Amino acid sequence: MNSVDRLPQIVLPPYETIALVLQGGGALGAYQAGVFQGLHEAGIELHCLSGISIGALNTAIIAGNPPHRRVERLLEFWETICQPTVGPPLPPFIEQTLFNINDTVRQAMSAAQAGRALVYGQNGFFRPRFPPPPSILPGDPATASYYDTAALKRTLEELCDFDLINSGAMRVSVGAVNVRSGNFVYFDNSEIRLRAEHFMASGALPPAFAAVEIDGERYWDGGLVSNTPLAQVLDTRPQKDTLVFQVDLWSARGAPPTNMSEVSDRMKDIRYSSRTRMITERLRWDQYVRHVIQHVLDKVPEDVRAGDPYCLMAQELACAKRYNVIHLIYRNRPYEKHYKDFQFGLSTMREHWSSGLQDIRRTLADPSRLAMPDDASGFVTHDVHREEIERLMGKEAR
């Protein structure tokens with residue numbers, strides 16, 4: 001998990017908020033843990049954490065531990081849930097040796113591990129219900145799923161300090177969907193006391209996992225409506241100069257599929273990427289409009305502004321704050337198929353983690369990516385992969 005050299009401690013511009021935003025994606029979530037390790041190594045202190053699904057579980061581990069234990073606890077969490085529920089796993093050395101042979105072997109191992117997860121579940125996470133839930137006959141909403149996640153509650157309560165999560169040291173929010181109303185909601189520690197159930201609800205993806213009951217309502221995975229919680233951070237009032245590290249596990253861009261397995265894989269990418277670019281562009285445009293309004297108001301004499309109701313309304317809309325969104329988007333590996341989000345193998349987990357760590361180190365290696373925006377919109381985005389592609393295309397054009 002340390003494939004490239006560490007970076008020195010980074011001194012950031014005077015952002016008022018530094019946020020980490022974590023998308024859902026099941027087993028791919030180890031990539032987010034690698035990104036966090038890189039931020040921790042660079043000495044970047046977070047003020048705000050927001051997650052959905054597996055991003056919510058990573059959020060719980062990070063926020064629920066003191067800074068010096070967060071990477072250690074993340075590793076413990078991932079090494080726990082990447083173990084089978086029955087039978088001894090392959091010794092890590094042997095598994096890693098086989099995994100390193102070639103992509104054909106990796107694909108075979110991945111298929112076997114995904115199949116094992118479906119049949120037996122994952123240690124400290126979920127296991128199949130027996131007997132299975134009824135398909136037609138009425139039953140209990142608490143058991144209307146193929147898997148039982150009671151083990152996940154124990155894992156979270158063992159690895160997380162919920163008093164620390166609710167201490168206010170860091171703002172924490174996780175997204176879920178109210179099953180009765182269909183409305184998307186955020187559970188936020190600035191408004192309520194968060195428990196293990198709130199994080200589990202954010203990751204309760206049907207039909208695999210049952211809706212989680214909280215205060216008389218039942219909630220499913222927030223990814224059913226939106227898998228990217230960026231707007232939760234940037235729409236917060238009052239607005240502040242903000243640096244956001246947005247970690248996505250599904251890439252909206254990809255090649256047309258050539259077989260049915262690739263069709264299933266590409267469908268997941270498109271569905272769960274949640275139109276990250278579109279949402280980011282909408283937020284950028286909103287901030288551009290606010291900047292323009294502020295610029296115009298600055299040219300209006302104070303006595304006119306104070307007496308004009310439209311100027312007063314415009315002042316409520318105006319904002320000169322600045323946003324910098326750093327995208328870190330997981331890139332598929334050639335051996336990965338449509339089951340990559342429930343393929344919980346230790347060797348694959350380590351590769352995902354290492355990939356996230358490498359991407360954030362490469363991102364932070366260029367300090368200009370962290371600079372406070374100075375353009376007309378007050379909003380910039382960076383993506384190390386996209387920038388490399390654009391640079392290569394520029395060289396080819398010349």
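Is Asn324 buried or exposed, and what is its relative accessible area?

## Asn324 in strand β10

Asn324 is buried, with a relative accessible area of 0%. The structure is a predicted model. Asn324 belongs to strand β10, which covers residues 323-329.

Two polar partners are found for its side chain. One is the side chain of Tyr15, with which Asn324 makes a polar contact at 3.3 Å. The other is the backbone oxygen of Arg369, which the Asn324 side chain reaches at 2.8 Å.

## Thr17 in strand β1

Thr17 lies in strand β1, residues 17-22. Its relative accessibility is 13%, and buried means under 20%, so Thr17 counts as buried. With neighbours within four places in sequence left aside, Thr17 is in contact with His47 and Cys48, and also with Lys240, Asp241, Thr242 and Leu243.

## Helix α6 and its cover

Helix α6 runs over residues 150-159, and its buried residues include Ala151, Leu152, Thr155, Leu156 and Leu159. Why do they line one face of the helix? Viewed down the axis of α6, the buried residues fall within an arc of 135°, so they share one face. An α-helix has 3.6 residues a turn, so residues three or four places apart point the same way.

The face of α6 turned away from the buried side carries Arg154 and Glu158, which are exposed. Among the elements that cover the buried residues of α6 are α2 (54-63), α3 (70-81), α7 (162-165) and α8 (196-202).

## Nonpolar cores

The largest nonpolar core has 71 residues, of which Leu20, Trp78, Leu156, Phe199 and Phe245 touch the most other members. Helix α2 supplies the largest share of this core, seven residues. Apart from this core lies another, of twelve residues, including Ala19, Val21, Val325 and Phe379. In soluble globular proteins, nonpolar side chains tend to be buried together.

Leu156, listed above as a buried residue of α6, is one of the residues that Phe199 touches. Not counting residues up to four places away in sequence, Phe199 also touches Ala56, Leu57, Thr59 and Ala60, together with Phe162, Ile165, Val172, Val174 and Leu194.

Strand β8 (residues 217-221) runs antiparallel to strand β5 (residues 171-178), and three bridges join them. In this part of the structure, Asn178 stands opposite Tyr219 of β8.

Strand β7 (residues 212-214) also pairs with β8 in the antiparallel sense, over three bridges. Here Glu213 is placed opposite Arg218 of β8. β7 and β8 form a hairpin with two residues between the strands, and Asp215 in the turn has a positive phi of about 50°.

## Helix α10

Helix α10 has 13 residues, 260-272, and spans 18 Å from its first C-alpha to its last, close to the 18 Å expected at 1.5 Å a residue. Asp265, Arg266, Lys268, Asp269 and Tyr272 are buried in α10. These residues cover an arc of only 155° around the axis, which puts them on the same side of α10.

At the start of α10, a side-chain oxygen of Asn259 comes to within 3.2 Å of the backbone nitrogen of Ser261.

Methods: Residues are numbered from 1 along each chain as its sequence is written. This is a predicted model: local features need pLDDT of at least 70, side-chain atom pairs count only at pLDDT 80 or more; totals for chains, interfaces and linings use all residues. Side-chain values use heavy atoms; hydrogens and water are left out. Helices (H or I, at least four residues) and strands (E, at least two) are DSSP runs, numbered from the N terminus. The expected span of a helix is 1.5 Å times one less than its number of residues. Buried means under 20% relative accessible area, exposed over 50%, partly exposed in between (1.4 Å probe, protein chains only). The arc is that of the directions from the helix axis to the C-beta atoms. A polar contact is a pair of N or O atoms within 3.5 Å; within protein, one must be able to donate a hydrogen and the other to accept it, and residues adjacent in sequence count only if both atoms are side-chain atoms. Contact means heavy atoms within 4.5 Å. A nonpolar core is a set of buried Ala, Val, Leu, Ile, Met, Phe, Trp, Tyr and Cys residues joined through side-chain atoms within 4.5 Å. Two strands pair if DSSP finds at least two bridges between them.
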